[in-house]
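Biologist: I would like to learn how to read a structure like this one. Please take the features one at a time.

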Amino acid sequence: MKYIQEFRDQQLARQIAANIAAIADPQRHYHFMEFCGGHTHAIFRYGVQDLMPDNVRFVHGPGCPVCVLPMGRIDLMIRLLREHDVILCTYGDLLRVPASGRTSLMKVKAEGADVRMVYSTRDALNIARDNPAREVVFFAIGFETTTPPTAVAILQAQQLGLRNFSVFCNHVLTPSAISGLLDTPATEPKATDEPALRLDGFLGPSHVSSIIGTRPYEFVPQRYHKPVVIAGFEPLDVMQATLMLIAQLNEGRCEVENEYTRVVTRDGNRKAMALVDSVMERRDSFEWRGLGWIPDSALQIRDQFADFDAERRFASLADGDAPQSVDHKACACPSILRGVKKPIDCKLFGTACTPENPMGSCMVSSEGACAAYWSYGRFRDPMPRPMPNSAGQREVAAP
Amino acid sequence: MNQMVKRFARGLDIRNGHVDMSHGSGGRSSAQLIEELFVRHLDNELLRQGNDNALFSVTAGRMVMATDSHVIAPLFFPGGDIGALSVHGTINDIAMAGARPLYLSAGFILEEGFPLAQLDRIVASMAAAARDAGVPVITGDTKVVEKGKGDGVFINTSGVGVVPDGLNISGDQARPGDAVLVSGTLGDHGVTIMSTRENLQFETSLCSDSAALHTLVAGMVSVAPDIHCLRDPTRGGLATTLNELAQASGVGIKIRETSLPIRPAVQAACELLGLDPLYVANEGKLVCICPADRAAQLLELMRNHPLGRDAAIIGEVIEDPHHFVQMETGFGGQRVVDWLAGEQLPRIC
């Protein structure tokens, strides 16, 4: 496949690996957080870690939209489905995410709720157009990459005069997640057994940066003294960006660099950003699974589009009424999302929690660290415990 | 046949008519549907016996039996339809024992309101597939469910076949050192179906690979009666089939990504949708596990058969207490090729 296979070339990979081995200082460790699930996926799917020296390690970041969505938001949608006769349109990833009381959108669908998997916001608009007598809600989720299509959908719904279409907005912002991550764990660890986060730099978001550019990350080296290299999602991108991070550290530089120049510019896609800005504004604060409440970290729909805002359209989605998000107490997703634990450090990994029967959202999405570990990397770390015959046998009592 | 048609005052309106509840009642309408539509296409001596069963003689030896239900949307797709698919599916399940398929049965569940013209097209295609394969449909059944309680048409086919002496082909026979072969390109059927789904239309020149593999298998077992495993990687794709075989045989399997035959169009569609072609369904491909010294001979034979032109040796069976399927990636790393969890879902980001 032209323009993709080139970025998966084995010979080039070996060459970059040799360059990394040549410049990596054997006297020190390099811990780099790949921010996005797309990076995590590439690292595991192509076996990138196998090509790195032992002292260069990847720490998996929170950039998986499904993983950072707090359970309470899915609980809200389930409540909506039970109380109103709505059609809920959602991207497929969300269907299996565990909600409170061992349910999920997929289970609620099986009970009879009208939940439909869509591939784009346009599908959701078509469903609204074809079902004028029903309320159609689109479960909008994702970082800055998926935000412009949601904004476009709202504008189109307005143009088409669709009165039965609304959006449950859960769009979150990447730069705020980075500060949320760097602000908390060093000073106040969330759990007593949680080690401190060791981090020497970031492999910065790929698709997200195609929208917002590289400028919004400049505070990271300035305020937190961690270098950032924007990296594409192909394995050679990840390796090249790693080489660039090592070079920065070795040379005593600390700045934002862009490896993904074929797509990302410093200023990003201004048109897309203006469009989003016309429809959405920042929320004061939003809850992230694993990272807690982070100020200015998510978007909500502006007042002038209130008719298209599901949270204002349905009383049961009102703020103060939101169910408390309570994850399974043994689930290590929060620590994994903060980069301080690995999936195999979790007691549930591979026993009570598998992709067939996920306890935490990191095991659901193909971008989640646990799913990547389970699906691609299991043979690397021998299973700490024998695998039970059926998932759930070793489960601890639910909170 | 002409005599039968005259039994009914007015012929079935195949062009404009629809399935109604009376077609499943067992009365005169049912009989008319059977005679003027099903028997007209599928006609053969055993079906013409007209009983609720079909009577035939069997040869001495071992037989296999298989059943497969078909519930596909859309019903018609590039390269096939539910009719041909339902014939190929069961023939392939029989052939994967190394067997020669003999006869099929067909059970139809029709939804009230289903256009007779479409049913006629489906049954005609089924008949053509059965004729081409030399495996007749010799008994059948039809039921009608109320509108909204079915999805147009569901078809179950069952079949029987005879296993030549000396074969012992089974999922638990893979042994460390064996070679792993596939008969052709992976993922064609699944990607074709996805490209025609209502909410996911994209243009492609791809066709489903739906085909009956028994003649290919007959050639293979005649030169290599010591083949260990045969399986058609349908739902769940190659990855799922290899995991089933590894689990059943208590072995590991190691494949090489660069050896996998995958069409660029399939690769590109999967890339676009965030899917993995290893998990996409096939309907006219088989996986063969055989002693390593048979691999070259089998590969040559497969490549000389029209349904095996793109056959390839893709890996080998290894010892592994975890029964993992592993892949050497084109990038030079290693990864597990796991069972499919749930359905393959496109990614968000």
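**Reading the features**

Modeller: Start with helix 4 of chain A, residues 71–83: its 13 residues reach 18 Å from first C-alpha to last, close to the 18 Å expected at 1.5 Å a residue. The expected span is 1.5 Å times one less than the number of residues. Helices (H or I, at least four residues) and strands (E, at least two) are DSSP runs, numbered from the N terminus. This is a predicted model, in which local features need pLDDT of at least 70 and side-chain atom pairs count only at pLDDT 80 or more, while totals for chains, interfaces and linings use all residues. Residues are numbered from 1 along each chain as its sequence is written, and chains are lettered from A and ligands numbered from 1 in the order in which they are written.

Biologist: Which residues of helix 4 of chain A are buried?

Modeller: Burial is a count: a residue is buried if 20 or more other C-beta atoms, placed from the backbone, lie within 10 Å of its own, exposed if 12 or fewer, and partly exposed in between. In helix 4 of chain A the buried residues include M71(A), I74(A), M77(A) and L81(A), and also R73(A).

Biologist: What covers the buried residues of helix 4 of chain A?

Modeller: Contact is judged between C-beta atoms, placed from the backbone, that lie within 7 Å. The cover includes helix 5 (105–110) and strands 3 (86–90), 4 (114–117), 5 (135–142) and 6 (165–171) of chain A.

Biologist: How should I read a backbone angle or a peptide bond?

Modeller: Most residues other than glycine have a negative phi, and most peptide bonds are trans. H225(A), not a glycine, has a positive phi of about 60°. H225(A) sits in the loop between helix 10 (219–224) and strand 8 (228–230) of chain A, and is exposed because 10 other C-beta atoms lie within 10 Å. In chain B, the peptide bond from A73(B) to P74(B) is cis, with omega near 0°. P74(B) lies in the loop between strand 1 (62–70) and strand 2 (76–77) of chain B.

Biologist: In what order do the 7 strands of the open sheet in chain B lie?

Modeller: Two strands pair if DSSP finds at least two bridges between them. The order is 8-10-7-11-9-12-13, with mixed pairing. Strand 8 (229–231) and strand 13 (334–336) of chain B are the edges, each pairing on one side only. Within chain B, strand 9 (252–256) and strand 12 (325–328) run parallel, joined by 4 bridges; I253(B) has V325(B) as its bridge partner.

Note on methods:
Two residues are in contact if their C-beta atoms, placed from the backbone, lie within 7 Å.
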